[in-house]
Amino acid sequence: MRWISEPSEERPRVWQSLLAKVKRTIKEQPLRKLQTIGGRQLEFLYANEMVGDDKIELKAGVAFCFRRYHELIQDLVRGAWVRFVRGLRENQPLLGQTVDLDEFMFGSERADLSAARPVLFDFQEGRCFYCEGALQSRVEVDHFVPWSFYPVDLGHNFVLAHASCNAAKKDRLAAYKHLHRWCDRNVEQGTELGAAFDEVGVLHDLQASWRVTSWAYGQAAAAGVHVWTMGAKSVPLDRRWLGLQGMRL
Ligand SMILES: [Zn+2]
């Protein structure tokens, strides 16, 4: 309410000063502390000296490892934060032993995707996106580009699948034939799909979904990663993927 009652010209100033403060704090605190182990400063992720005034430069291979081991690193860091916060004596009376601190600090890992389900069911005419079998019970909304690659929920990345197909795919990219279908769907029906997502309050950004998917398959192609076809089977990525409409950006 305070923000609303302030004169509008005040807001940019307050905002700018908050930004400067956050920037200073990040510069002085976590960036150095992240690389301080056992009291020693090690520069294993980046040089502690900034590039210019506001950038750090990750060392070679660090970005790749962050991406590749994202889930593992995230779990380790969250675990350490939770232990630290729980360990502070001042927090003990507030927390007790029963609060789910992880949930409180980091929120739910994934949003409820059920709002997208009826929309996808209509667009897929009641068929599984992957095996094209009729969808009956045990149906799940799947992230076409897995959540572990890109942990943001955008509508055009969703497909509806049998729980069994979804479980078989795990966190792998889907093979060429599935990508072909995903591209066709979003070229032909992307706009209508976006309008239907608006009606049920599902976030979407078709351009971002194109970029993310193209990026993810580019990474897989460069690394020679196998992609999932069906069941337990995976194969090398078919080179024709780059020719699909929407993939060559
Ligand atoms: Zn299926």
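**Working through a zinc site and a strand pair**

The chain splits into domain 1 (1-57), domain 2 (60-109) and domain 3 (116-243). Keep in mind that this is a predicted model.

**Exercise 1.** Work out how far apart the centres of domain 1 and domain 3 are.

*Solution.* Take the centres over C-alpha atoms: domain 1 and domain 3 are then 37 Å apart.

**Exercise 2.** Find the protein donors of the zinc ion and name the geometry of its site.

*Solution.* Start with the atoms. Cys128 (SG), Cys131 (SG), His162 (ND1) and Cys165 (SG) sit 2.2 to 2.4 Å from the zinc ion. Next, the angles: they run from 92 to 122° among the 4 donor atoms. Four donors count as tetrahedral if all angles lie between 85 and 135 degrees, so this site is tetrahedral. Finally, read the spacing of the donor residues along the sequence: C-x2-C-x30-H-x2-C. Cys128 and Cys165 link distant parts of the chain, 37 residues apart. Cys128 is in the loop between helix H8 (116-123) and S3, while Cys165 belongs to helix H9 (residues 163-169).

**Exercise 3.** Are Cys128 and Cys165 buried or exposed?

*Solution.* The cut-off for buried is under 20% relative accessible area. Cys128 comes in at 2%, so Cys128 is buried. Cys165 has 8%, so Cys165 counts as buried too.

**Exercise 4.** Describe strand S3 (residues 139-143) and how S3 pairs with strand S4 (residues 158-162).

*Solution.* First check cover: 4 of the 5 residues in S3 are buried. Then look across to S4: the two strands pair in the antiparallel sense, over 5 bridges.

Methods: Residues are numbered from 1 along each chain as its sequence is written. This is a predicted model: local features need pLDDT of at least 70, side-chain atom pairs count only at pLDDT 80 or more; totals for chains, interfaces and linings use all residues. Side-chain values use heavy atoms; hydrogens and water are left out. Buried means under 20% relative accessible area, exposed over 50%, partly exposed in between (1.4 Å probe, protein chains only). Two strands pair if DSSP finds at least two bridges between them. Domain bounds come from an automatic or database domain assignment. Donors are N, O and S atoms within 2.8 Å of the metal (3.2 Å for Na, K and Ca); water is not among the atoms, so sites may look incomplete. Four donors count as tetrahedral if all angles lie between 85 and 135 degrees; four count as square planar and six as octahedral if opposite donors are over 155 degrees apart and all others between 65 and 115; anything else is irregular.
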